[in-house]
Amino acid sequence: MATTRDTTGSRRVGDSTPERDVAFRDAICSLMKGRRCVEVAGPTTGHHSGRLRMYCEMLGRGMGLGEDEMAVLRRGAVLHDIGKLGIPASILLKPGALSREERLVMERHTVIGEKLCRPVKSMSAVLPLIRHHHEHYDGTGYPDGLEGASIPLVVRVLQVVDAYDALRSDRPYREAMPADEAVDVLHAETERGKWDPSVMEVAIPIMRRRMPLRRAG
Ligand SMILES: [Fe+2]
């Protein structure tokens with residue numbers, strides 16, 4: 001990335017240098033592993049990223065992704081919700097339903113995450129996963145309303161895994177669903193246009209056979 005300078009000749013805050021790139025990436029990784037991440041993610045999602053990484057490995061291989069795409073998918077599984085670091089805890093940890101205004105604030109985590117990671121050159125391939133992991137196959141998702149194959153395949157794989165893991169995890173308002181019940185929910189959502197049917201076709205037998213129930217701790 002070319003270095004840009006302002007009119008005083010100083011580097012701008014967002015400029016990328018190899019040293020800054022490594023420092024920024026390490027800082028983000030520390031945030032994701034550290035206490036702040038657990039605080040903002042909440043007690044029910046503490047192991048979410050690790051499980052997603054494992055499930056992405058299964059489904060990504062099943063979808064025939066190449067090594068480069070698998071590397072991006074693994075990284076996205078850990079980092080896709082990093083923008084939640086910028087969401088107020090009063091909204092992020094609210095036990096009840098969010099108001100419309102609160103939901104709009106929560107949805108900002110996609111663009112906040114992309115903005116946070118954009119200065120890091122080595123994360124450029126992961127940015128679509130961070131920005132677009134809440135798009136829907138029928139175009140009803142956010143932040144950009146992308147539709148069908150305009151949502152990158154690695155994102156469509158992460159979405160299915162993310163949705164499956166959410167259903168299979170305990171929540172304050174319900175217990176974790178058995179595998180068959182979670183698959184039924186995802187199948188119905190696919191029928192309604194939410195998820196990519198070609199990804200779901202590969203995912204369903206994998207979910208039924210190989211993805212174990214992990215109670216969130
Ligand atoms: Fe998210």
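**Helix packing, confidence and burial**

Colleague: Does α4 pass α9 in a left-handed or a right-handed crossing?
Modeller: A crossing is left-handed if the near helix is turned anticlockwise from the far one by less than a right angle, and right-handed if clockwise. The crossing in which α4 passes α9 is right-handed.

Colleague: What is the mean pLDDT of the protein chain?
Modeller: This is a predicted model, in which local features need pLDDT of at least 70 and side-chain atom pairs count only at pLDDT 80 or more, while totals for chains, interfaces and linings use all residues. Residues are numbered from 1 along each chain as its sequence is written. In the protein chain, 73% of residues reach a pLDDT (the predictor's confidence in each residue, from 0 to 100) of 70 or more. The mean over the chain is 82.

Colleague: Over which residues is the pLDDT below 50?
Modeller: Two such stretches may be named, and contacts (C-beta atoms, placed from the backbone, within 7 Å) are counted beyond near neighbours in sequence. Residues 1–14 are below 50 and have 11 contacts in the model. The other stretch, with 18 contacts, is residues 38–46.

Colleague: How many helices and strands does the protein chain have?
Modeller: Helices (H or I, at least four residues) and strands (E, at least two) are DSSP runs, numbered from the N terminus. The protein chain comes to 11 helices and zero strands.

Colleague: What should helix α4 span?
Modeller: The expected span is 1.5 Å times one less than the number of residues. Helix α4 covers residues 67–79, which are 13 residues.

Colleague: At what angle do the axes of α4 and α9 cross, and which residues of α9 make the contact?
Modeller: Axes are lines fitted to C-alpha atoms, for helices over the stretch in contact, with angles from 0 to 180 degrees between N-to-C directions. The axes of α4 and α9 (residues 153–167) come within 10 Å and cross at roughly 45°. That makes the pair oblique, since angles under 35 degrees count as roughly parallel, over 145 as roughly antiparallel, 65 to 115 as roughly perpendicular and the rest as oblique. Glu69, Val72, Leu73, Gly76 and Ala77 of α4 meet, on α9, Val154, Val157 and Leu158.

Colleague: Which residues of α10 make the contact with α9?
Modeller: The axes of α9 and α10 (residues 179–191) lie 9 Å apart at an angle of about 135°. This angle makes α9 oblique to α10. Val160, Ala163, Tyr164 and Leu167 of α9 touch, on α10, Ala182, Val185 and Leu186.

Colleague: Is Asp162 buried or exposed?
Modeller: Asp162 is found in helix α9 and touches Leu52 and His133, leaving aside residues up to four places away in sequence. A residue is buried if 20 or more other C-beta atoms, placed from the backbone, lie within 10 Å of its own, exposed if 12 or fewer, and partly exposed in between. Because Asp162 has 20 such neighbours, it counts as buried.

Colleague: Is Arg209 buried or exposed?
Modeller: Arg209 lies in helix α11 (residues 197–210). Because it has 9 C-beta neighbours inside 10 Å, Arg209 counts as exposed.

Colleague: Which peptide bond is cis?
Modeller: Pro143 is found in the loop between α8 (127–132) and α9. The cis bond has omega near 10° and runs from Tyr142 to Pro143.
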